[in-house]
Structure formats: C-alpha cells, structure tokens
Amino acid sequence: MGAIGRFFKDMNRNKAMLMMVLPASLWFLFFSYLPMAGLVIAFKQYRVSRDGFWASIVNSEWVGLLNFKFLFSTNDAYIITRNTVLYNVFFIVIGLILSVGLAIVLSEIANKRLAKVYQTGMFLPYFLSWIIVGYFVFSFLSVDRGVLNRVLANFGVDPVNWYSDPTWWPFILVVVFLWKSVGYSSVVYLAAIMGIDRSLYEAAMIDGANKWQQIRNVTIPMLKPLIIILTLLAIGKIFYADFGLFYQVPRDSGPLYSATNVIDTYVYRGLKATGEIGMSTAAGLYQSLIGFILVITSNYIVRRFDKDNALF
C-alpha cells in the first residue's frame, strides 16, 4: 500500500477525532490564516475600488515601509511603546502571582460549596464589558459625584480631578485590569492544582511538612510547566494592549495620554483621523512580528535551562 493509501486509511480510522477538530480547524483557517493575505496592505496606500476588496488591494499603490513611519516618526513613538511594554510587564508579573496565589487559596478552602461561591464572585468581572467597567470606575472617580472624592471631602481634602491628572493612572489601570482578569486566569491554575496527585501531599505530611512547605515543595513545582507555558504565550502579546482598558476606562481623556496612550489606542486615533487602513495594518504586523521574536527568544532561553518545560 502506497503512502496515499495509508493516508486515507488513517483518515478513515480516525474520522471521529477529525470531525471533532474540524470546527476549530475551519475557524482558524477562515479567521486566522486566510486573512494573512491582507498583510500586503501594510506596504500599500490602500484605496477603495468599486470592483471589490481584492481589486482595491491589487490596484492600490505600493509605498514600501512608508506606513511604518506612522509609528516611529512622531514624538509619541517612545511614549506609546514604553506604556505598552511596561503595562504588559506589570500585568504578566503581578497577574501571575495573584492568579497562582488565588488558585492556591481556593484549593485550600475545606468547604467546596463556599469555595465555588468565592470563585464565581471573582470570575464575574471578566464577563463585564470595558464600557460597563469604565462607567463603574467613573462612579468612583467623578469630580463632583465620585465616591472617592466624597470620601476625601469627609477628611477635609479638596476633590481631585482624576481625569485631568495622569499621576495616579498607572496604578488605577493596573488595579482595574487585575480586578477584571485575575479571577478568570486563576481557573486554569486551579484546575491544574486539582489534578495534582494527592499522594504527593500525603507523603509531604508524613515527612512533617506544614501547609506552606507543601505549597512551596509540591504545588509550585507541579505548576511550574503550566506557569512557563502561559508566561511565554503572554510574552508574545507584550506589544498588544487591551484597547477597552486604555480607551474606555480613562474615557479617552486627552490630559491622560502620557499615562494611557498605547500602540492600539494611538493607531485607532490615527485611523479615525486619517482613514489610512495601511497604517493600522502596518501596526498590527509590527506587533505580531515583535511578539513572534519575543516568544522564540524566550522559549530558547527556557530550553537552555530546562528543555522539558519549553513551549516547543
């Protein structure tokens, strides 16, 4: 039997499994791989044609790397790159610590029904849209009716115009992001903890290990491969920012741009002002390329120290 015959025989034998992965495969094909052909727009001055989308791409003028100057030729280039990277570094590091810690705490609650109530309460913010979260934050930070300013007034402190002072916004954005996402992120680690062999904890208890020693010597080492994989994937998106967080929560306030302007919001405002789709495509390509390089580099470093825990 030739290679083609063996291929079709394997297909027939595993057709149930293939049918299970078919929907996800089609989703990736139509929404991830086929759209990559549109990356050519990053090198063209895109103009809409009456003959359709593909005719618009073909007939648009080649401009080389001119669209990429949109990101690097202004005084804001350093600010948006700095903000995007630093915010994501804080999100990754602090989010990892809180997610793992929360998962460990939930796994140690003896009353599992109560633990599910806590988990649901911490999971709920993830499903709120950033528009709702933005109004929720505004109810705290509003100058005249905000809860926080009312509390400060009770202590004789003058109201603070939070939406005109960028000083506190790095802290505010980090807190809001963690409040919304940590509960969801902890679910993965909680599932991994539930899958750890209980005999490992029993052996540690026999050796006289207290609860902290069990966490340090059993739970954390068993979570290490998952932590590394999820961190590597997060590093790949370090040049991406959550648009809703940085646009809706600060309410697109101009005085806050030094603290809230990131690559995604900068590109959106530029696209809204100029209508140049090629510039936004160039920004997306730049973010993806840098993310790819960072993942490859980070994975190489991990492989140098611990080959078994590398992503690939």
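Looked up helix 14 to start: residues 263–274, 12 residues, reaching 16 Å from first C-alpha to last, close to the 16 Å expected at 1.5 Å a residue. For my own record, helices are DSSP runs of H or I with at least four residues, numbered from the N terminus, and the expected span is 1.5 Å times one less than the number of residues.

I'm working on a predicted model, where local features need pLDDT of at least 70, side-chain atom pairs count only at pLDDT 80 or more, and totals for chains, interfaces and linings use all residues. Numbering runs from 1 along each chain as its sequence is written, and side-chain values use heavy atoms, with hydrogens and water left out.

Next I checked burial (under 20% relative accessible area, 1.4 Å probe, protein chains only). In helix 14, I263, D264, T265, Y266, V267, R269 and G270 are buried. Those residues pack against helices 4, 5, 12, 13 and 15.

Then the cores, meaning sets of buried Ala, Val, Leu, Ile, Met, Phe, Trp, Tyr and Cys residues joined through side-chain atoms within 4.5 Å. The largest has 36 residues, and Y87, W169, V176, L245, F246 and V249 touch the most other members. Helix 9 gives the largest share of this core, 11 residues. A second, separate core of 14 residues includes Y266 and V267.

Last stop was S99, in helix 5. S99 is buried, at 2% relative accessible area. A polar atom of its side chain lies 2.7 Å from the backbone oxygen of G95.

How values were computed:
Helix = DSSP H or I, 4+ residues; strand = E, 2+ residues; numbered from the N terminus. Buried < 20%, exposed > 50% of the residue type's maximum accessible area, 1.4 Å probe, protein only. Contact = heavy atoms within 4.5 Å. Polar contact = N/O pair within 3.5 Å; in protein donor to acceptor, adjacent residues only side chain to side chain.
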